[in-house]
Amino acid sequence: MAAVTLVDLTQVRSSQYGICVKKRIGEFCALTGNGSQEPVFFIAAPESSVGTGRFPRSSIQEMFIGFSNSPQVLCKSSLSAALYSFKKAIDKKDISNVKIVTSSRGRGLFQAYQELLFTSAYNFEYSIMFDNLSCECCPPGQRTDSSAQPADAKRELSTFLQHLPALKGDIAILRSSFISDCFGHGFSTRTGGISYISTLSSLNLFCNPRRKDSRAVVAENLRRLGLQAGFHPQQFNLIKCNHASDVWVMGKPAPDSYDGMVTNQVGVVIAAPGADCMPLLFTDPVAKVIGVAHAGWKGTLMGIAMATVNAMVSEFGSRPADIVCGIGPSVGPCCFTLEQDSAREFHAIHPDCVRHMDSSRPYVDIRLATRILLSRGGIKPEHIEDIRIPHQSESTLCTSCHPELFFSHVRDGLNFGTQIGFVWIK
């Protein structure tokens, strides 16, 4: 499996430890072998630190003269910038195994960045080579520079990410004309964020540890969405999906997973994810209650939509006739198929929910099934809205058919991004 080596020289001053460090680098080179094709990166002094005695780019490159695989030297404005550049480089080559050569203190710092900037989709191995640097040319009792601390990593990385340009255009939020102005709400699209991996680009709003978009990047995407939509990320609560029908009533102990959430707390933002599954928003302008649900095909059959409505009714006194529902973007019957046994369950809800029932994989309309189930549960049909793109006549939004606007599991496979539906009481 392909691997990459990253050598950390950010805490080493060449004026004090030049010969000693070069000796250690020589040992590293001998272990690596000059015939190795694995890429090697060095993180050296920030560009702003020229003249401070840290390792210059030219000195590092001289060490590798004659090697078949010359190293890449990252001299950026900050360690955050260097590691972000490093991550982009290895993601481009689809490399997940990382060997880091550093000091003991450097390991603590890099592990802090690893937690923020990488996920468990990457494998890290640390080699300590720069502890107790000393030789006849080095001042006695000196050690590597230890000014940088792990506690600084989160703040520095956050500041760096905030200055990155948005990708794929500006943030665009879809809204329902049915939802009262006493609520803030919206459905995100995929533009305006900083996620750069193709199927996650650009406003991915969920960090899955099996994928390569880090929680720091997702947090920055959420911060930008909040600025545009009018909410603060600290008030944000995202459903913990399990493709079932459990509902969390905020204020009560939260289950380990749940696909619905309801509250009457003012200012608290609740949200449901979607990437073919439907994010559903529920608002009751009379009782001032809100709910969200994540409804894939399994959750639809298990009744997550009405389970959310029933929680609003039983916990906060809502009446189904007062509740308004916005159905967010999801995969359409043009692109979504199921095995016959599962499709037959949708056919039982209503025959119009399934196309080509006699085929091996019939096409299924989960949006229509949700609308029918909600109407049967007491939600007025005129209070249910399928979200559309403004000024377009298309009746529904299929996430799989609109790669410029939406993420899609059906279209993009396992490494897919996530959009959300969100709502709060003003």
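Strands β12 and β14 pair in the antiparallel sense, and 4 bridges link them. Within this pairing, threonine 283 has valine 324 of β14 as its bridge partner. The model is a predicted one. In the protein there are 11 helices and 18 strands, and 54% of its 426 residues count as buried. Among the contacts with a separation of 6 or more, 71% are between residues 24 or more positions apart.

**The six-stranded sheet**

- An open sheet is formed by 6 strands, in the order β9-β10-β13-β12-β14-β17, and its pairing is mixed.
- Strands β9 and β17 are the edges of this sheet, as each of them pairs on one side only.
- On average, neighbouring strands of the sheet are turned by 15 degrees against each other, direction ignored.
- Strands of a sheet pair through backbone hydrogen bonds, in either a parallel or an antiparallel manner.
- Strands β9 and β10 run parallel and are joined by 3 bridges.
- Valine 249 has valine 262 in β10 as its bridge partner.
- Strand β14 also pairs with strand β17 (residues 384-386), in the parallel sense and over 3 bridges.
- In that pairing, isoleucine 327 stands opposite aspartate 386 in β17.

**The two faces of strand β14**

- In a regular strand, the side chains alternate between the two faces of the sheet.
- Strand β14 comprises residues 324-327, and both of its faces are covered.
- Val324 and Gly326 lie on one side of β14, Cys325 and Ile327 lie on the other, and all four are buried.

**Helices that lie across the sheet**

- Helix α8 lies across β9, β10, β12 and β13, and it runs at about 160 degrees to β13.
- Helix α10 lies across β12, β13, β14 and β17, and its direction is at about 175 degrees to β17.
- Helices α8 (residues 304-316) and α10 (residues 366-376) also pack against each other, at an angle of about 35 degrees and with axes 9 Å apart.
- The crossing of α8 and α10 is right-handed.
- On the α8 side the contact is made by Ala305, Met306 and Val309, and on the α10 side by Thr370, Leu373 and Leu374.
- The residues of this contact of α8 with α10 comprise 5 nonpolar, 1 polar and no charged.

- Helix α4 (residues 104-117) and helix α5 (residues 150-162) cross at roughly 35 degrees, and their axes come within 8 Å.
- Helices α4 and α5 cross in a right-handed manner.
- From α4, the contact involves Gly108, Leu109, Ala112, Tyr113, Leu116 and Leu117.
- From α5, the contact involves Pro150, Ala153, Lys154, Glu156 and Leu157.
- The contact of α4 with α5 divides into 8 nonpolar, 1 polar and 2 charged residues.

**Two loop residues**

- Alanine 287 is located in the loop between β12 (278-284) and β13 (289-295).
- Alanine 287 counts as partly exposed because its relative accessibility is 30%, a value between the limits of 20% and 50%.
- Leaving aside neighbours within four places in sequence, alanine 287 contacts Phe316 and Ser318.
- Although 29 residues separate alanine 287 and phenylalanine 316 in sequence, their C-alpha atoms are 7.5 Å apart in space.
- Serine 257 belongs to the loop between β9 (247-249) and β10 (260-263).
- Serine 257 has a relative accessible area of 19% and is therefore buried, the cut-off being under 20%.
- With neighbours within four places in sequence left aside, serine 257 is in contact with Lys240, Cys241, Asn242 and Asp246.

**Cysteines**

- The count of disulfides comes to 0.
- Cysteine 398 is in no disulfide, and the nearest cysteine sulfur, which belongs to cysteine 334, is 3.6 Å away.
- The sulfur atoms of a disulfide would have to lie within 2.5 Å.
- Cysteine 398 counts as buried, at 3% relative accessibility.
- Cysteine 75 likewise counts as buried, with a relative accessibility of 9%.

Notes:
Residues numbered from 1 in each chain as written. Predicted model: local features only at pLDDT ≥ 70, side-chain atom pairs only at ≥ 80, totals over all residues. Heavy atoms only, no water. Axes fitted to C-alpha atoms, helices over the stretch in contact; angles between N-to-C directions. Left-handed = near helix turned anticlockwise from the far one by under 90°. Contact = heavy atoms within 4.5 Å. Nonpolar A, V, L, I, M, F, W, Y, C, P; charged D, E, K, R; others polar. Buried < 20%, exposed > 50% of the residue type's maximum accessible area, 1.4 Å probe, protein only. Pairing = 2+ DSSP bridges.
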